[in-house]
Structures are given as C-alpha cells and as structure tokens.
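Hi,

Here is the structure I promised to pass on.

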Amino acid sequence: MNKLSGAVLALILALPLSASADTPLNRILFANVNVFDGNSDKLAGGMEVLVEGNLIKAVGHDIDADDAQVIDGGGRTLMPGLIDSHVHFSAYTPIAIQGRQNVSEFMVGALATVRGEAMLMRGFTTVRDTGGPSTYLRKLFDTNLAPGPRVYGAEAMISQTGGHGDFRGLTNDNPHFGDGPQHWYERRLGYIVDGPHEFARAARESFRNGADFFKVFVSGGVSSEFDPIHAVQSTPQELTAVVQVAEQAKTYVTAHCHTAEGVHHALDAGVHMLEHVPMIGNTPAEIDKAVTRIVESDVFVEFNTGTVLGRSLDELKAMLSPESYAKVMPAIQAYRASLRAFAEHGAKFVYGTDLVAPWGGGTLATEARLQLAEFGIYMEFFDNLSVLKSATLWGGEVAAMTGPNNPYPEGRLGVIKEGAYADILLVNGNPLDDPAILADHATNLHLIMKDGIVFKNRL
C-alpha cells in the first residue's frame with residue numbers, strides 16, 4: 001500500500017466525522033494565548049478563542065466550553081491566517097516561448113495542487129489569484145480532496161493585442177486572425193481582445209468560468225517580451241466596458257499598473273484596485289500626485305516587491321529574457337521612492353507576491369523564499385502594524401470586495417472576531433514586534449488551522 005504524505009495524513013486525521021443534522025459541531029478551545037486580532041496595535045493577553053465548526057464562536061476570558069477539545073497555546077500568539085493577495089497558480093517562468101511550448105495543462109494542474117499545499121503550510125490560508133485558471137483548485141481545496149488555501153480568482157486576464165497578457169512568441173499567430181487555433185494560454189490564462197465589445201465579452205466569459213473579480217492592464221509589464229513597460233494599455237472605452245460589467249455583476253476590477261500615466265488612466269475609468277505601481281513619477285511631485293489621488297480614490301494597492309527586490313540581479317538575468325531584463329531595471333530603481341510615498345500618505349495596501357512558479361528543480365524552495373520575502377521588504381518602509389494588516393485585515397477587506405460573488409460568505413477573513421472564519425495561526429513570538437518572524441514558518445508557526453481544520457500542530 002502506498003504511504004500517504006505526512007501532510008495529507010494529518011489532514012485526514014483532522015477532518016471531522018460526517019455529521020447528521022443532530023450531531024453537534026466540533027468545538028475547539030484555544031486557551032492561554034495572546035491574540036492579535038488583525039487590527040489592534042497590542043496583543044490581548046491571556047485570552048481564549050472558541051472555534052465551533054468552521055467559525056470563531058467566542059473570543060474572551062473564561063469561555064464556557066466544557067465539551068470542547070482544549071488546545072493550550074502556551075502563551076503563544078494566536079492570529080489570523082495570512083492572505084497573499086497576488087499569486088498565479090497556473091503561470092510559470094519562463095512564461096513566454098518556453099512556457100507556451102513546453103508546459104502541458106495537465107502538468108500545470110498537478111504542480112498547482114502541490115503549490116497550494118505548500119502555501120497553506122507556510123501559513124497562507126487564503127490567496128487571491130490575479131490571472132489564470134484557479135477556481136478548479138478551489139473545488140479541490142474546499143472539499144479537502146487536497147490541502148490548500150481558500151482561493152479567490154480572476155480566471156483569464158483581459159489584455160489587448162500586444163499587451164502584458166499576450167504571451168505569444170514572436171512567430172505565433174494572433175488567434176483572432178483567420179480563426180486559427182488557440183493555444184491554451186489564450187483560452188484560459190489571458191484573453192487577447194481589442195475594442196470595448198471584446199473587452200466586455202472577455203469579462204463576461206471569465207465571470208462565466210468562475211471569476212470572482214476581473215484583471216486588466218493599463219501599462220506594459222516585465223515578463224511579456226513585446227510591450228514596452230512605459231506603454232499605456234487598454235483604451236478608456238475598453239476599461240470602462242470591463243468596469244461596467246463588474247459593477248453589473250457586483251464585483252470589482254483590478255489593474256496591472258507600473259506607471260503614473262497608468263494610475264490616472266485606470267482611476268479615470270473607475271478601476272477599483274491597482275497592482276505593482278513602482279514607476280509612478282519621475283519627480284517627488286509627480287509621485288506625490290499619483291499617491292495622493294490613489295489614497296483619495298479609496299482604492300487598495302498591492303506592491304509584490306519580493307519577486308523583484310527579493311531576487312538578485314543574477315537570478316533575474318537567468319530567469320528573464322534579455323528584453324524583460326531590460327524592462328525590470330527601471331522598476332527596481334523606482335520601487336523604493338514609491339513605497340516611501342505610500343507609507344507617508346498612509347495608503348491601504350495588501351500583502352501580495354506575484355508568485356509565479358519557476359519551472360524545474362527547486363520550485364517549492366524558491367517559492368517559499370519569494371512568498372515570505374515581502375515581510376522584510378515592507379518593514380523597511382511601513383510600521384509593523386501596517387505590515388501585519390496588509391496580510392490579514394486588509395487582505396480580508398479586498399476579499400469582501402467580491403460582494404455577493406464572495407465564494408466564502410459565511411464569515412469574515414483576516415480577523416480574530418466572533419463570527420469570523422476559523423483560519424488561525426499559533427505563532428512563537430510577537431509579530432507586532434517583528435513581522436519577519438512569520439517568514440521563518442518552519443520554526444515559528446506551531447499550528448495552522450483553516451476552516452476549523454488543523455493542518456499542522458507542533459504543540
């Protein structure tokens with residue numbers, strides 16, 4: 001008989017027995033814990049947290065729970081599960097020519113499942129996939145066919161021809177010319193469309209395929225070879241068409257954006273969130289203007305600095321094509337000035353890593369380093385509480401922006417509150433004093449619970 005992996009075996013042992021309508025819900029009482037609730041600037045000491053089913057039932061002292069299983073936290077910090085608000089389960093590097101030609105959909109799905117378990121075991125109980133197939137994974141993870149985080153997904157990105165979502169090689173035909181065959185990238189990873197009608201249709205198709213929100217592009221990008229990073233992408237009419245579809249569907253649009261021109265282009269069209277935003281001005285006054293407008297527009301931003309600042313130049317050169325490497329250098333040089341401006345203005349930002357798997361050996365080790373690098377980088381610019389809120393409270397608020405399309409409507413995410421989902425970490429140390437302790441997940445994460453199920457317990 002084949003041996004089950006330790007993580008899968010632990011999952012099976014942790015699952016509650018099938019319950020009838022008359023069977024009481026499983027109840028777990030965390031005792032002797034110091035609580036970071038996702039928002040407060042101090043830990044609440046000597047607390048108890050009662051979990052009933054998949055929700056938090058009570059937070060306080062001397063909770064009446066005689067029939068509950070008791071987990072003694074030993075004075076550790078109990079906090080919400082982490083939220084990574086920018087991953088790509090089904091995109092791989094190099095994602096242009098080699099990715100298109102050498103990666104099958106079957107291998108993508110298999111590796112994405114493995115990646116999901118690894119993310120959960122780093123403490124990320126929720127992730128937001130900002131482009132590419134991902135809702136198929138939600139079905140696997142939510143039914144516990146495989147261990148993994150909660151998944152919010154944009155499904156296929158919406159890109160103009162030659163935009164950042166157009167990953168064709170130079171000799172690949174446009175799928176719309178002559179009704180030629182489409183690569184699965186154009187069917188599932190990113191739609192190549194032009195004009196308001198096609199942009200709207202692409203959004204509706206993504207929504208039909210399970211998208212919780214939509215992803216568009218307003219500037220060039222790094223990993224795509226043939227679009228200059230400074231180029232403005234999508235016309236005002238095209239962006240407005242997607243925003244209208246989103247508002248009719250009661251959800252939101254997020255935009256890949258590297259430049260100041262892209263910021264104003266997106267906000268003029270009513271886009272609800274911005275991703276990356278490193279090159280948002282050539283002078284302090286231009287940067288201040290862009291950040292001020294973002295803050296006054298009450299939109300979230302997401303930086304994913306780890307994939308750029310967390311890699312050495314040698315790593316970037318080995319990973320990227322020469323064209324893409326030339327484009328990443330201005331972003332590296334610009335990031336720190338924009339981050340300082342966002343910190344000075346008190347912008348609301350979410351923890352996001354733009355996690356794209358390197359294809360080949362060392363995949364999970366490389367991903368672990370990059371997904372957790374964000375903590376240390378953020379601490380250079382933001383106060384500790386803001387760093388933690390980006391990965392908990394504010395990530396939960398972005399998840400809730402999906403409105404009635406929210407795949408997890410029963411409770412809040414990113415907080416330790418009565419009625420919130422029981423996505424819980426027990427941490428050795430105080431993350432308010434040093435958020436970077438969360439990066440050493442192997443040492444400092446003693447317990448990981450998602451949806452009321454314990455996936456890791458080292459107590």
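A quick definition before anything else: I call two residues in contact, or touching, when they have heavy atoms within 4.5 Å of each other. This is a predicted model, so local features need pLDDT of at least 70 and side-chain atom pairs count only at pLDDT 80 or more, while totals for chains, interfaces and linings use all residues. Residues are numbered from 1 along each chain as its sequence is written, and side-chain values use heavy atoms, with hydrogens and water left out.

On that basis, Phe 30 touches Met 47, Glu 48, Val 49, Val 51, Ile 71, Leu 78, Ile 424, Leu 426, Leu 447 and Met 449, not counting residues up to four places away in sequence. Together with Phe 303 and Phe 342, Phe 30 touches the most other members of the largest nonpolar core, which has 136 residues. (By such a core I mean buried Ala, Val, Leu, Ile, Met, Phe, Trp, Tyr and Cys residues joined through side-chain atoms within 4.5 Å; buried is under 20% relative accessible area, with a 1.4 Å probe and protein chains only.) Helix 12 (residues 322-345) gives this core its largest share, nine residues. Another core lies apart from it, with six residues, among them Ala 58, Ile 63, Ala 65 and Ala 68.

Ala 68 sits in the loop between strand 3 (55-60) and strand 4 (69-72); helices (H or I, at least four residues) and strands (E, at least two) are DSSP runs, numbered from the N terminus. Its relative accessibility is 11%, so Ala 68 counts as buried. Beyond its neighbours within four places in sequence, Ala 68 is in contact with Arg 27, Ile 28, Leu 29 and Leu 50.

Now to strand 13 (residues 273-279), where seven of its seven residues are buried. Strand 12 (residues 253-259) runs parallel to strand 13 and is joined to it by five bridges, with Cys 257 opposite His 276. Pairing here needs at least two DSSP bridges between the strands. On the way from strand 12 to strand 13 the chain passes through helix 8 (residues 260-269), a right-handed β-α-β crossover; right-handed means that, with the strands pointing away from the viewer, the path from the first strand over the helix to the second runs clockwise. Strand 13 also pairs in the parallel sense with strand 14 (residues 300-302), over three bridges.

Overall, the protein has 16 helices and 19 strands, and 58% of its 459 residues are buried.

Cheers

Definitions and conventions:
Buried < 20%, exposed > 50% of the residue type's maximum accessible area, 1.4 Å probe, protein only.
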